[in-house]
Structure formats: structure tokens, C-alpha cells
Amino acid sequence: MTILEERIKSVYTSLTREERKAADYCLKNDASIFNKTVAQLATDSGTTQATWSRFAKSLGYTGLKGLKHELFTSANNAEKPGPKIEFKDVDQYTSMQAIADNICATSTQAIQTTYRLFESKSFEGAVDAIINARMIRIFGVGSSGLAAYDLYTKLQRLSYNVTFNEDFHNSLMNAAQLREDDVAVFLCDSGKTEEIMQLLKIAKEKGSATVAITKLGNSPLAQGCDHVMFTTSPEIDKKSGVTSSRFAQLFMVDTLYTAIANKDFVNIRQHLQDSYNLFHDMANY
């Protein structure tokens, strides 16, 4: 599956009816799209030129030119197909090995596809915002709260001024204390969780910089934040709660933490050494 196909499948359910026509055409005719004008694409797919422009933006591109560039890149960097993923309910597996195989495949694919969505410009903007912030306030609920807590502990190790609380009421208090020189970081897979959207509204009212780690798509969270880092993942069994989105989020958290530590190394070097020494000494007790 190409990165373009992965983008389309990730956002398909959130597309409008007209945008889905463009998506369906793209999936069936990707080889011919590169050489067609937007007018030709609109005619062939039974849509409009404006629909193709909106469709490209829903996939995370700045326009149709970005979509065509992705097609060209994919055609010249063809990859071997990844491991086969079987979409089953939790009670449909026939062996322990089948469970392990499928969980491994989906987790690996989540990381690989998220990596392929990586955009340096937006990522670097988020890194700079966090490094330069007076206070970093992290928000995440449910399973996304696990990745949010992981980012919180990592930034604590760098001795950054950072807060996180899994309780929503405490998160509201944290958001209420935001200032213009702070940054609010939101982790939310769907990009539209009610609690997160309430917290984002407060952050925008306070004038704080905003960063999102969220699933690829034109979600309210992605639209509302200054810096957006997209993830994507296959969910093999939504009813069981077995999700690969957590691995995609943790990959992004680790990448973000490493980039911050790298760029601010002169200032955080001693803090890293101090925490290492502390835990190394404890292990020898």
C-alpha cells in the first residue's frame, strides 16, 4: 500500500460525499492522475475542481500539486508489501500465534506509516514552541492519556516546566492558567474528543501556542492547532480495545522528545546526566 493509499483510507470516513468520489477515483486510477489536469480529473470523476482541491487538503497536502508529488515519489520508491493484516473480532482468532502475528503486524505498520507521514517543517515548529515556552501543559484523555503521560515524564527529565493530569477537572484548571508565552500540547487520536476540544478552546482564548498529535485528517483539533503532527494506524478490533494507535503516538512522542533534547542539548545535558546518575546509583543499592 502506497503512502497516498494509506492517507486516503485513514480519512475516508470523514470525507464528504463529493470528496469520496475523488478518493474512489484516486484509488482506482492512481497511475494516470499525475498526467491529468485538475479539470480532467474533475470531469473523469464526476466532481468539481474545487472538490479535488478540498480532497487534497483533507489528505494533509497544501493542494493537488502536493498529492501529485506524493504519487511521483511513491512510483519511484516502490516498497515491498508489508505483512498481511487480518481484520478480526477478538473471538475469531484460532491460535495464540495468530494473535501475536496480527498484533505485531498492526503495531509495526502503525509506526511505519506514521513515519512516512513525517513532515519536518511542522515538526520543527512544535519543537521550537516547546523549547521556548515558559510553561508546557500537556492534555490527553483515555488511551491517548497514556502517551500524554509518557511525554510528560520525558520532559520532566529535561527539567522543563511541564504539567499533565489525567483528571479532566484538573486539566481544566491547568488550561485556565495558560498564558501567551505557554504552549498547550494535545494528544487525541480522533481529533474531536469533546473534552480535548473544550481544552483547546480555552488554550486559544488564552493566546497560547498549540501543538497536536492526532490521526491524519481534517479534524477539528488539526484545524485548530498551530503545529500538527499526524499519526495513522490500522485498528484491528475496535470492540476489544486492541488498538495500534497507541504505538503510533508513542513513536511520535519519542521522536519529539529526542528532537527537543538534541536541539536544546547545551541546556539540558546536565539534567540528563543527573537523572542517569540517580537511577544508576539506585540500581546498585
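Author: Start with K21 and E18. Both sit in helix α2, three residues apart, about one turn of the helix. Helices here are DSSP runs of H or I with at least four residues, strands are runs of E with at least two, and both are numbered from the N terminus. This is a predicted model: local features need pLDDT of at least 70, side-chain atom pairs count only at pLDDT 80 or more, and totals for chains, interfaces and linings use all residues. Residues are numbered from 1 along each chain as its sequence is written, and side-chain values use heavy atoms, with hydrogens and water left out.

Reader: What does K21 form with E18?

Author: The general idea comes first. Side chains of opposite charge can pair when their charged atoms come close. A salt bridge is a side-chain nitrogen of Lys or Arg within 4 Å of a carboxyl oxygen of Asp or Glu. K21 and E18 form one, with the closest N and O atoms 3.2 Å apart.

Reader: How many salt bridges does a search of the whole structure find?

Author: Twelve. One of them joins K263 and D128, whose closest N and O atoms are 2.6 Å apart. K263 lies in helix α13 (residues 245-263) and D128 in helix α8 (residues 120-132), so this pair ties together parts 135 residues apart in sequence. K263 is partly exposed at 42%, and D128 is partly exposed at 26%.

Reader: Which side chain does D254 meet in a salt bridge?

Author: That of K154, at 3.3 Å, N to O. D254 lies in helix α13 and K154 in helix α9, so parts 100 residues apart in sequence are tied together. D254 is partly exposed at 36%, whereas K154 is buried at 19%. Salt bridges can also share partners: R134, R179, D181 and D182 are joined that way into one network.

Reader: Now the rings. How many aromatic pairs does the structure hold?

Author: Seven. A pair of aromatic rings is described by the distance of the centres and the angle of the planes. Rings of Phe, Tyr and Trp (its six-membered ring) pair if their centres lie within 6.5 Å; planes under 30 degrees apart are stacked, over 60 edge-to-face, and the rest tilted. Y25 and W52 have ring centres 6.1 Å apart and planes at 85 degrees, so their pair is edge-to-face. Y25 lies in helix α2 (residues 17-28) and W52 in helix α5 (residues 49-58), so the pair ties together parts 27 residues apart in sequence. Y25 is buried at 10%. W52 is buried at 0%.

Reader: Which residues form one aromatic cluster?

Author: Y25, W52 and F55 do.

Definitions and conventions
Buried means under 20% relative accessible area, exposed over 50%, partly exposed in between (1.4 Å probe, protein chains only).
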